[in-house]
Amino acid sequence: GQGEEKVQLGCAVFRDYKLVDYLTPSETRGVNWLRGRVFQGAISFSSGSSEMKDTVVEIANVKTKLEPVLTEEGAAARVSIAITAGLVEYLSEEKGVDEQVMTRLEEKCSDEVKREILRTWERAQRELQTDVFQFGSKFTAAYPYLIQIKPEEWREVFLNMALELDV
């Protein structure tokens, strides 16, 4: 309804029709970054060397491009994510925000998004052993002969898949 705020609190992970575990909100957003399903929200991150998250940007637009790659060496997911965001909060002793500061903030924001994605990627491969990103359908579209492989075989491909990430 009008005036309601919808918040994603995480999601369940299933394998072979059985509940495996739950993803945290951060891990869920990691999945959504790779699936091209982040449309709005805020990203908070540290602008300097401290761990304190002192900067917030609001997402205006996100474009995610996935290129499935299959070679003799194995599978790789080449993912490029372009984020357009506006600076909402920047707590710093610096006076003003010049081009150099903005470049640094963009890099720090990209680093935070990469961290979120890579934490989820590692957990999906090592702990959950499940393609929560639904890359199987993307690889099948690019390589139609993959439709013939069994789910266990796809799981093995996914578990050994490399992620090439550009944010």
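Is Tyr22 buried or exposed? The model is a predicted one, and in it Tyr22 has a relative accessible area of 51%. Because the threshold for an exposed residue is over 50%, Tyr22 counts as exposed.

- Tyr22 belongs to strand β2, which covers residues 18-23.
- Together with Phe14 and Leu19, Tyr22 makes a nonpolar surface patch of about 340 Å².
- The loop between β1 and β2 contains Asp16, and Tyr17 is found in that loop as well.
- Asp16 is not a glycine, yet its phi is positive, near 55°.
- Tyr17, likewise a residue other than glycine, has a positive phi of about 65°.
- The relative accessibility of Tyr17 is 85%, so this residue counts as exposed.

- Side chains of opposite charge can pair when their charged atoms come close.
- A search of the whole structure finds ten salt bridges.
- One of them joins the side chains of Asp21 and Arg123, with an N to O distance of 2.4 Å.
- Asp21 lies in strand β2 and Arg123 in helix α2 (residues 99-128), so this pair ties together parts that are 102 residues apart in sequence.
- Arg123 and Glu127 are separated by about one helical turn, because they stand four residues apart in helix α2.
- Through salt bridges that share partners, Asp21, Glu27, Arg123 and Glu127 are joined into one network.

- Arg78 and Glu67 form a salt bridge in which the closest N and O atoms are 3.4 Å apart.
- Arg78 lies in strand β5 (residues 74-90) and Glu67 in strand β4 (residues 55-71), so the bridge ties together parts that are eleven residues apart in sequence.
- Arg78 is partly exposed, at 35% relative accessibility.
- Glu67 is partly exposed too, with a relative accessible area of 36%.

**The largest pocket**

- Rolling a probe the size of a water molecule over the atoms shows where empty space is left.
- The largest pocket has a volume of about 760 Å³.
- Its lining is made of 29 residues, and the closest to the centre of the pocket are Phe14, Thr130, Asp131, Val132 and Gln134.
- At least two lining residues come from each of β1 (11-15), α1 (25-35), α3 (135-142) and α4 (151-159).
- The largest share of the lining, five residues, is supplied by β1.
- Sorted by class, the lining holds 14 nonpolar, nine polar and six charged residues.

Conventions:
Residues numbered from 1 in each chain as written. Predicted model: local features only at pLDDT ≥ 70, side-chain atom pairs only at ≥ 80, totals over all residues. Heavy atoms only, no water. 1 Å grid on protein atoms, 1.4 Å probe; cavity = no way out; pocket = protein on both sides within 12 Å on 5 of 7 lines; lining within 4 Å. Points joined across faces, edges and corners; volume = space filled by probe spheres on them. Nonpolar A, V, L, I, M, F, W, Y, C, P; charged D, E, K, R; others polar. Patch = residues over 30% accessible without salt bridge, like charges linked within 9 Å, V, L, I, M, F, W, Y side chains within 5 Å. Areas by Shrake-Rupley, 256 points an atom, 1.4 Å probe, with all protein chains shown as cover. Salt bridge = Lys/Arg side-chain N within 4 Å of Asp/Glu carboxyl O. Buried < 20%, exposed > 50% of the residue type's maximum accessible area, 1.4 Å probe, protein only.
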